[in-house]
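Please keep the sequence and the structure in view while reading the points below.

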Amino acid sequence: MTQGPQRHTERLTDVVRAAALLRAGELVAFPTETVYGLGADARNSAAVARIFEAKGRPRFNPLIVHVPSLEVARSLAELPDWAEALTAAFWPGALTVVVPRRAALPDIVTAGMATVGLRLPAHPLALELLEVTGPLAAPSANPSGRVSPTTADHVMAGLGGRIAAVLDGGPTEVGLESTIIGGPEPTLLRPGGIPAEAIEAALGAPLRAHAPAANAPTAPTAPGQLASHYAPSGPVRLDALTAQPGEVHLGFGPVAGDVSLSEAGDLHEAAARLFSLLRELDTGAPIAVAPVPETGLGAAINDRLRRAAAPR
């Protein structure tokens, strides 16, 4: 991983100070309702390049741009009818739309692609910040491939010394990254904080499943599509009703485990606790994870778990 010189990372509650750093080309992590994002001025190529350096993120992996309003989104991209319908239903919220970009954004934001992912977050601090700064490119505020951060402490543990500041808004509410929908026909590119069933209900039609191009099966068309992602340091074993010797056990519902995503089997609680508990159990020991149903938010939880368990 490429790293610049170590520096002091401020912990802030002051939006004005955070905005000033961002306008100066610095990196500032900030809370959203999903996870903490690592923000840079989306119109500043040099600042955006620092995101890739701080995270150790490959340049071919595009970034989501967070916007303060639907009007700003329309100024940056063309929103087809399906995107207009979904933004009306779910913005502000945990939905990213991947739509044809206009020329206003640097190529580094979109990895040179003709589309850009846009999101209007629901967190009040994020909205306050965006109103001052304008659009921010912001992937999750963690080293690339590692567990996403849901508190300012998580950000400091992963990126402290590499970024200018963290805007501390407390623990995130949703705990999983946004659902990503692309086109030209509405296609599920990444399950996330809004279940696919809710999006299909808003559209009145089923979503298409994403199929990578045959000649580039590993090239992402949206963030969060790399096979190995969201990973703790030790191996992860899925659908484990019991732990094997040496494993720690992450339970769900009737499978108790050493700790549980949700003893009640509540998928909203499980989503909110997933990344925090993966960090808690991340001692280098193997992690066994109880089965989680593939319905509602369970689809997004299982997507993250499969990527955490993938070969590295």
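D303 lies in helix α10, which covers residues 298–309; helices (H or I, at least four residues) and strands (E, at least two) are DSSP runs, numbered from the N terminus. The model is a predicted one, in which local features need pLDDT of at least 70 and side-chain atom pairs count only at pLDDT 80 or more, while totals for chains, interfaces and linings use all residues. Residues are numbered from 1 along each chain as its sequence is written, and side-chain values use heavy atoms, with hydrogens and water left out.

**The surroundings of D303**

- D303 has a relative accessible area of 7% and is therefore buried, where buried means under 20% relative accessible area, exposed means over 50%, and partly exposed is in between (1.4 Å probe, protein chains only).
- Apart from its neighbours within four places in sequence, D303 is in contact with R190 and P191, a contact being heavy atoms within 4.5 Å.
- R190, one of these two residues, is the bridge partner of I180 in β10.

**The chain as a whole**

- The protein chain holds 10 helices and 15 strands, and buried residues make up 55% of its 312 residues.
- A compact globule with 312 residues would have a radius of gyration near 20 Å, and the protein chain, at 19 Å, agrees with this; the radius is taken over C-alpha atoms, and the globule rule is 2.2 Å times the number of residues to the power 0.38.
- The C-alpha trace spans about 55 × 50 × 40 Å along its principal axes.
- Of the contacts in the protein chain with a separation of 6 or more, 67% are between residues 24 or more positions apart.

- An open sheet of 11 strands runs in the order β1-β8-β2-β3-β7-β4-β6-β5-β9-β10-β11, with mixed pairing; two strands pair if DSSP finds at least two bridges between them.
- Its edge strands are β1 (10–12) and β11, each of which pairs on one side only.
- Strand β4 (residues 64–66) and β6 pair in the parallel sense over 3 bridges, and V65 stands opposite L118 in β6.
- On the other hand, β5 and β6 pair in the antiparallel sense over 4 bridges, and here L118 in β6 is the bridge partner of V97.
- Because 4 of the 5 residues of β6 are buried, this strand is largely enclosed by the rest of the structure.
- Strands β9 (residues 179–182) and β10 (residues 187–190) pair in the antiparallel sense over 3 bridges, and a hairpin joins β9 to β10 through 4 residues.
- Strand β10 also pairs with strand β11 (residues 208–209), in the parallel sense over 2 bridges, with A209 in β11 as the bridge partner of L188.
- From β10 the chain crosses through helix α8 (residues 196–203) to β11 in a right-handed β-α-β crossover, a term that applies if, with the strands pointing away from the viewer, the path from the first strand over the helix to the second runs clockwise.

**The sheet of 4 strands**

- An open sheet of 4 strands has the order β12-β15-β13-β14 and parallel pairing.
- At its edges stand β12 (236–237) and β14 (259–260), each with a single partner strand, so one side of each is left without a neighbour in the sheet.
- Strand β13 (residues 248–251) and strand β15 (residues 287–289) pair in the parallel sense over 3 bridges, and V289 in β15 is the bridge partner of L250.

**The nonpolar cores**

- The largest nonpolar core has 45 residues, and those with the most contacts inside it are L38, V65, L95, L118 and I163; such a core is a set of buried Ala, Val, Leu, Ile, Met, Phe, Trp, Tyr and Cys residues joined through side-chain atoms within 4.5 Å.
- The elements that each supply at least two residues of this core include β3 (37–41), β5 (95–100) and β6 (115–119), while α2 gives the most, with 6 residues.
- A second, separate core of 27 residues includes A270, L274, L305 and A308.
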